[in-house]
Amino acid sequence: EKGGYKHFMLKEIYEQPRAVRDTILGRVGQESGRVFLDEMQIQPKEFAEFQNVRIVACGTSWHAALAGKFMIERLARIPVEVDYGSEFRYRDPIVNPNSLTVLISQSGETADTLAAQREAKSKGSRTLSICNVMGSMISREAAGTLLTHAGPEIGVASTKAFTAQLTALFILAMYLGQARGRQTPEQSQDLAQELLRIPAKLEHVLSADAHYEDLVKWLFKATDFLYLGRGIHYPIALEGALKLKEISYIHAEGYPAGEMKHGPNALIDESLPTVVLATADPEDEASVLRYEKTLSNIQEVKARGGKVVAVATEGMTDVTRSADHVIWVPPTRELLLPILEVVPLQLLAYHIAVRRGCDVDQPRNLAKSVTVE
Ligand code: M6R
């Protein structure tokens, strides 16, 4: 049932090209770049008129939500707020009928997210769910669902559901952008084509010989890790840190790269490995600028004696001058890079946990779905 893999988690990491491909399938026109959502109770006209979007989720799905904020704000120019399911109800949130509430949940059964959905509905908001399980509670209570087609996820640490969520959010962002006239046909075509290339690029990332076993030899004994990213890469830093915490029981923190100098720099020494997301779209000036800032952050860590593992873009080799180890992913558009760059972080966490002898598929104290508040 593990298809020859040692753990479900590893099998599911390798299923990501398929999970992403199936999530795109039938929703994005290859030639036109037009996006079609599944049948739902929310009308196209309503999508064009929502004044803001709120995304509510927990754990890994919350990290997808944070990345989704960048996608929707960039492509559709609608303000997006992101909340934890468990916090939403406790601050009497301001919700109105002009806001769309998006719930993200792999299982569709997370009690905190469901409670937030009910709260949003009671205040008159339309709710759309991004779920991996058809017929789950959250999807049944939503006015519409964008199903992620990751297939059943067994490993407690979410992997393929996450990349499928990022894919669904990108599709939703494109849809909103088109519905609101924020994307020219050329822009839509370009984004659609780049999206359609992601599954093959994921296959490439998975087939690259990145020497994780050698890499973890000098990492697996560390007691703390830092993960850094800027912009849309910050949520991926958080996700990398969560993967490591969940399955290897190593303390890890995700931080926005630029925030380091406001405090966390004090932690850096040779015993604290720092994992840095230093990818970029070489054709996008803003993305390259962001990348260059991240390179300076790597140099700051090095100057303080820290050890750096970077995830970087093939062809952009400056990073090799400062990082101790580089894992390469192919270039793509800035908003799609997260789907590629999270994979090395999943594999890193996996190999460290295996090396430490941890139960990767069923970490202590955790359940696959959290059905209590
Ligand atoms: O099923 P959900 O997406 O609603 O679950 C939310 C979190 O409980 C879940 O993502 C959790 O953080 C995972 N163990 C992460 O790997």
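**A first look around**

Guide: Let's start with glutamine 189, which is in contact with Glu31, Ser32 and Gly33 once its neighbours within four places in sequence are left aside. Keep in mind that this is a predicted model.

Visitor: Where is glutamine 189 found?

Guide: Glutamine 189 is part of helix H9, which covers residues 185-207.

Visitor: And how far apart are the C-alpha atoms of glutamine 189 and glutamate 31?

Guide: Their C-alpha atoms are separated by 6.7 Å, although the two residues are 158 residues apart along the chain.

Visitor: What's the relative accessible area of glutamine 189?

Guide: It is 30%, so glutamine 189 is partly exposed.

Visitor: OK, new topic. How do H4 and H8 pack?

Guide: Helix H4 (residues 59-76) and helix H8 (residues 160-179) pack at an angle of about 25°, and their axes are 9 Å apart. Because angles under 35 degrees count as roughly parallel, H4 is roughly parallel to H8.

Visitor: Is their crossing left-handed or right-handed?

Guide: H4 and H8 make a right-handed crossing.

Visitor: Which residues make that contact?

Guide: From H4 they include Thr60, Ala64, Gly68, Met71 and Leu75. On the H8 side, Phe162, Gln165, Leu169, Phe170 and Ala173 are among them. By class, the contact of H4 with H8 has 15 nonpolar residues, six polar and no charged.

Visitor: What else does threonine 60 contact?

Guide: Leaving aside neighbours within four places in sequence, threonine 60 is in contact with Ser158, Phe162, Gln165, Glu239, Leu242 and Lys243. Two of the residues in that list, Glu239 and Lys243, also turn up in the contact that H11 makes with H13.

Visitor: Is threonine 60 buried or exposed?

Guide: Threonine 60 is buried: its relative accessible area is 8%, and buried means under 20%.

Visitor: How many residues of H4 are buried?

Guide: 13 of its 18 residues are buried, and H4 is mostly covered. From its first C-alpha to its last, H4 reaches 25 Å, close to the 26 Å expected at 1.5 Å a residue.

Visitor: What follows H4?

Guide: Arginine 77 follows H4. Arginine 77 has a positive phi, near 55°, and is a residue other than glycine. You'll find arginine 77 in the loop between H4 and strand E2 (80-84). At 53% relative accessibility, arginine 77 counts as exposed.

Visitor: What about tyrosine 249, what is its phi?

Guide: Tyrosine 249 has a positive phi too, near 60°, in a residue other than glycine. Tyrosine 249 sits in the loop between H11 and strand E7 (251-256). With 27% relative accessibility, tyrosine 249 counts as partly exposed.

Visitor: You mentioned H11. At what angle do H11 and H13 pack?

Guide: Helix H11 (residues 233-248) and helix H13 (residues 337-355) pack at about 20°, with their axes 9 Å apart. H11 and H13 are therefore roughly parallel to each other. H11 passes H13 in a right-handed crossing.

Visitor: Which residues are in the contact?

Guide: H11 contributes residues including His233, Ile236, Glu239, Lys243 and Ile247, while those of H13 include Leu337, Pro338, Glu341, Leu345 and Tyr350. The contact of H11 with H13 holds eleven nonpolar, three polar and three charged residues.

Visitor: How many residues of H13 are buried?

Guide: 17 of the 19 residues of H13 are buried, so H13 is largely enclosed by the rest of the structure.

Visitor: How far apart are the end C-alpha atoms of H13?

Guide: They are 28 Å apart, which agrees with the 27 Å that its 19 residues should span at 1.5 Å a residue. H13 is followed by glycine 357, whose phi is positive, near 75°.

Visitor: One last stop: where does valine 301 lie?

Guide: Valine 301 lies in helix H12 (residues 285-303). Valine 301 counts as buried, at 1% relative accessibility.

Visitor: Which residues does valine 301 touch?

Guide: Not counting residues up to four places away in sequence, valine 301 touches Leu228, Ile268, Thr274, Gly306 and Val308. Valine 301 and threonine 274 are 27 residues apart in sequence, and from C-alpha to C-alpha they are 7.9 Å apart in space.

Conventions. Residues numbered from 1 in each chain as written. Predicted model: local features only at pLDDT ≥ 70, side-chain atom pairs only at ≥ 80, totals over all residues. Heavy atoms only, no water. Axes fitted to C-alpha atoms, helices over the stretch in contact; angles between N-to-C directions. Helix = DSSP H or I, 4+ residues; strand = E, 2+ residues; numbered from the N terminus. Parallel < 35°, antiparallel > 145°, perpendicular 65-115°, else oblique. Left-handed = near helix turned anticlockwise from the far one by under 90°. Contact = heavy atoms within 4.5 Å. Nonpolar A, V, L, I, M, F, W, Y, C, P; charged D, E, K, R; others polar. Expected span 1.5 Å × (residues − 1). Buried < 20%, exposed > 50% of the residue type's maximum accessible area, 1.4 Å probe, protein only.
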